[in-house]
Amino acid sequence: MSGFTFTIDGVDVPAQDGQTIMEAADAAGVYIPRLCDHQGLRHQGGCRVCTVKAAGRSFSACTQPATPGLQVENETPHINKLRRDLVEMLFHEGNHLCPICEASGNCELQAMAYRLDMTAPTKFPYLEPSRALDASHPDIALDTNRCISCGRCIRASQDIDRKGIFGYVGRGIRRRVAVDGADLAHTDAQVTDHAISDDVCPVGCIIRKRVGFATPIGERKFDQGLIGHEIEERGDD
Amino acid sequence: MTEEPRKVRIATASLAGCFGCHMAILDIDERLIELMKLVEIDRSPLTDIKRFHGRCDIGIIEGGCCNEENVEVLRDFRRHCDVLVAIGQCAIMGGLPAMRNAIMHSDEPLRECLEEAYISGRYIRNTTHDIPNDPALPLLLDKVYPVSEVVEVDYQIPGCAPTGDVIFETLTRLLAGRLPGFEREHIKFD
């Protein structure tokens, strides 16, 4: 495998053939914000929060291969504004009530809002959709009010659990994540599935019952530091 | 003898909120003593004054609008305050009361909500089987509105509730004449 370098915001980043911009950036300790991409899952390029600019075009950094000499823009005010707008629209598209959500503090959508300096979501109208809660399964509940359609559970269930419990239905703004069955109890979902594990769902949609507030609000994952700080600390070594 | 500088006048109100943000104002703790040398509190639940005595410099709003009285109070605040600050998630985006908005998709949404709350809910013990309808009760709105959808808001401070530190910082910076925003680590939605 041959190596080469490209730049992100003017800093040299080493890469291998076939690596995406984000994979190379992660290894070099440069954090590119992302929601639908997750360690160990195949890349989707759906949420566009990882949008970067290079050669006058916008790419999703999680799917775009790095190429020698590519000059990538990542942390610019313009790109972060685009990212903030995307995150803001996600807040307005579903029912994201942080104070009542058991994922608050562990939620990547909320953490991304913090990182991108979104203090109050007000620019767009709230769609306030009416969405169902599926608590049929004895160990798992789904609160689809909080789903951001990132598809991480779909990929985890298909590729890692080899089950295909989740899938997309509908098109455009009506595209939703649905379960393959009348409800979750009528699928072969188990709480031990990777798709159900606590870090696959970035928000509070997939809920494992009876563990909700084991860690109190204020002492959770993103109360310890901004999202992406683990990756950025890699770059400090 | 030189005249003492005029104190900054502050008014506060809790609309469709839980008073948690007002509790958080008290979390300013002993710094309140220094603060009160610079400000005086006009209309507020803290002073129990119900009407404005004059124009205020800063108005602080907790909670969104769930009934017509909330709207009335909020408009009164906008008329009387130079700078209007919405504090807490309820004021900013409706918060917990806005949970009723998501069920507002049936033909008679408000009736459905009230019937479940007062009549058909599984754990309700309501001997009269009535939905409260005393004329003294303010009329409910069709849904819960964030403050910024009803009046122009100058600053929105997130949190449920914002910490005493964030509220103190907001006030001291406003008194100094500028509120450039907060360190990212201090902003929380919960």
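**Exercise 1. Find out how many residues of strand 5 in chain B are buried, and which strands pair with strand 5.**

Step 1: Start with strand 5 of chain B, residues 81–87, in this predicted model. Of its 7 residues, 5 are buried, so to speak "mostly covered". Buried means under 20% relative accessible area, exposed means over 50%, and partly exposed is in between (1.4 Å probe, protein chains only). Strands here are DSSP runs of E with at least two residues, numbered from the N terminus.

Step 2: Look for partners; two strands pair if DSSP finds at least two bridges between them. Strand 3 (residues 56–62) of chain B runs parallel to strand 5 and is joined to it by 6 bridges. In this pair, B:Ile60 stands opposite B:Val85.

Step 3: Strand 7 (residues 155–157) of chain B is also parallel to strand 5, with 3 bridges. Here B:Ile87 stands opposite B:Ile157.

A word on the ground rules: residues are numbered from 1 along each chain as its sequence is written, and chains are lettered from A in the order in which they are written. Local features need pLDDT of at least 70, side-chain atom pairs count only at pLDDT 80 or more, totals for chains, interfaces and linings use all residues, and side-chain values use heavy atoms, leaving out hydrogens and water.

**Exercise 2. Work out the strand order of the open sheet in chain A, and name its edge strands.**

Step 1: The 3 strands come in the order 6-7-10, with antiparallel pairing.

Step 2: Strand 6 (133–134) and strand 10 (206–208) each pair on one side only, which makes them the edge strands.

Step 3: Now zoom in on strand 7 (residues 140–143), joined to strand 10 by 3 bridges. A:Leu142 stands opposite A:Ile206 of strand 10.

**Exercise 3. Locate the largest nonpolar core.**

Step 1: A nonpolar core is a set of buried Ala, Val, Leu, Ile, Met, Phe, Trp, Tyr and Cys residues joined through side-chain atoms within 4.5 Å. The largest one has 66 residues, and A:Val87, A:Leu109 and A:Phe166 have the most contacts inside it.

Step 2: Domain 1 (3–75) and domain 2 (83–223) of chain A both give residues to this core, so it lies between them. The domain bounds come from an automatic or database domain assignment.

**Exercise 4. Find the salt bridge between chains A and B.**

Step 1: Look for a side-chain nitrogen of Lys or Arg within 4 Å of a carboxyl oxygen of Asp or Glu.

Step 2: The count is 1: B:Lys143 meets A:Glu128 (3.4 Å, N to O).

Methods
Helices (H or I, at least four residues) and strands (E, at least two) are DSSP runs, numbered from the N terminus.
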